[in-house]
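Keep the viewer open as you read, and turn the model whenever a new pair of elements comes up.

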Amino acid sequence: MSDSLFFLSIVIAGFFLIYGIQCLRSPFMKEEFHRYGMGDGLRKLTGISQLVGAGGLLAGLYISILGFLSACGLCLMMVVAFSTRLRVRDSLNQTLPSFFFLLLNGYLAYKYLILVLNDL
């Protein structure tokens with residue numbers, strides 16, 4: 001595993017750990033999900049999914065297939081987040097982080113896929 005893949009996995013996992021905790025605990029996130037037209041159950045599911053995805057990225061440092069699956073899951077989550085931001089007509093500043101993390105997780109998924117295929 002390259003140093004850049006290791007570093008990027010750690011950094012992205014850290015961000016999603018923070019986002020997951022905020023999603024579960026922050027009153028601001030409760031208001032945001034209400035603004036998106038999404039219920040409390042979906043907010044909790046999103047937070048838990050972010051925590052699981054972050055854990056999967058960390059586990060992927062040792063088991064490549066877990067990193068691949070987690071990066072794919074987080075990438076899909078960011079597709080939904082990005083499309084939601086577009087649907088509610090958020091500003092560019094509000095929308096760009098989801099697009100940025102979509103690209104980063106897509107890149108991670110690609111790099112982990114190469115590792116998985118090399119392990120076969």
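Helices here are DSSP runs of H or I with at least four residues, strands are runs of E with at least two, and both are numbered from the N terminus. Please keep in mind that this is a predicted model, in which local features need pLDDT of at least 70, side-chain atom pairs count only at pLDDT 80 or more, and totals for chains, interfaces and linings use all residues. Residues are numbered from 1 along each chain as its sequence is written, and side-chain values use heavy atoms, with hydrogens and water left out.

Which residues of α1 are buried? They are Leu5, Leu8, Ser9, Ile12, Ala13, Phe16, Gly20 and Cys23, where buried means under 20% relative accessible area, exposed means over 50%, and partly exposed lies in between, with a 1.4 Å probe and protein chains only. As you look at that list, recall that an α-helix has 3.6 residues a turn, so residues three or four places apart point the same way. The cover over the buried residues of α1 includes α2, α3, α4 and α5.

Next, bring α3 into view beside α1. The two pack at an angle of about 160°, with their axes 8 Å apart. Axes are lines fitted to C-alpha atoms, for helices over the stretch in contact, and angles run from 0 to 180 degrees between N-to-C directions. That angle makes α1 roughly antiparallel to α3, since angles over 145 degrees count as roughly antiparallel, under 35 as roughly parallel, 65 to 115 as roughly perpendicular and the rest as oblique. The crossing of α1 and α3 is left-handed, a label used if the near helix is turned anticlockwise from the far one by less than a right angle, with right-handed used if clockwise. Among the residues that meet are Ile12, Phe16 and Leu24 in α1, and Thr46, Leu51 and Leu58 in α3; contact means heavy atoms within 4.5 Å. The residues of this contact divide into 14 nonpolar, five polar and three charged. In that count, Ala, Val, Leu, Ile, Met, Phe, Trp, Tyr, Cys and Pro are nonpolar, Asp, Glu, Lys and Arg are charged, and the others, Gly among them, are polar.

Helix α3 (residues 40-59) also meets helix α2 (residues 27-36): their axes come within 9 Å and cross at roughly 120°. The pair is therefore oblique, and α2 passes α3 in a right-handed crossing. Met29, Lys30 and Phe33 of α2 make the contact with Asp40, Leu42, Arg43 and Thr46 of α3. By type, these residues are three nonpolar, one polar and three charged. Elsewhere in α3 sits Val52, which is exposed because its relative accessible area is 56%. Its C-alpha is 9.5 Å from that of Leu74, 22 residues apart in sequence.

Now move on to α4, whose 24 residues reach 34 Å between end C-alpha atoms, close to the 34 Å expected. Its buried residues include Phe68, Ser70, Leu74 and Met78, and what covers the buried set includes α1, α2, α3 and α5. Ser70 counts as buried because its relative accessibility is 12%. Setting aside residues up to four places away in sequence, Ser70 touches Gly53, Gly56 and Leu57.

Met78 is also in helix α4, and it counts as buried at 8% relative accessibility. Beyond its neighbours within four places in sequence, Met78 is in contact with Phe16, Ser98, Phe101, Leu102 and Asn105. Where is Arg89 placed? It is in the loop between α4 and α5, and it is exposed, with a relative accessible area of 76%.

The walk ends at α5, whose 28 residues should span 40 Å at 1.5 Å a residue, in agreement with end C-alpha atoms that are 40 Å apart. Among its buried residues are Ser98, Phe101, Leu102 and Asn105, which are also contacts of Met78. What covers the buried residues of α5 includes α1, α3 and α4.

Technical notes: The expected span of a helix is 1.5 Å times one less than its number of residues.
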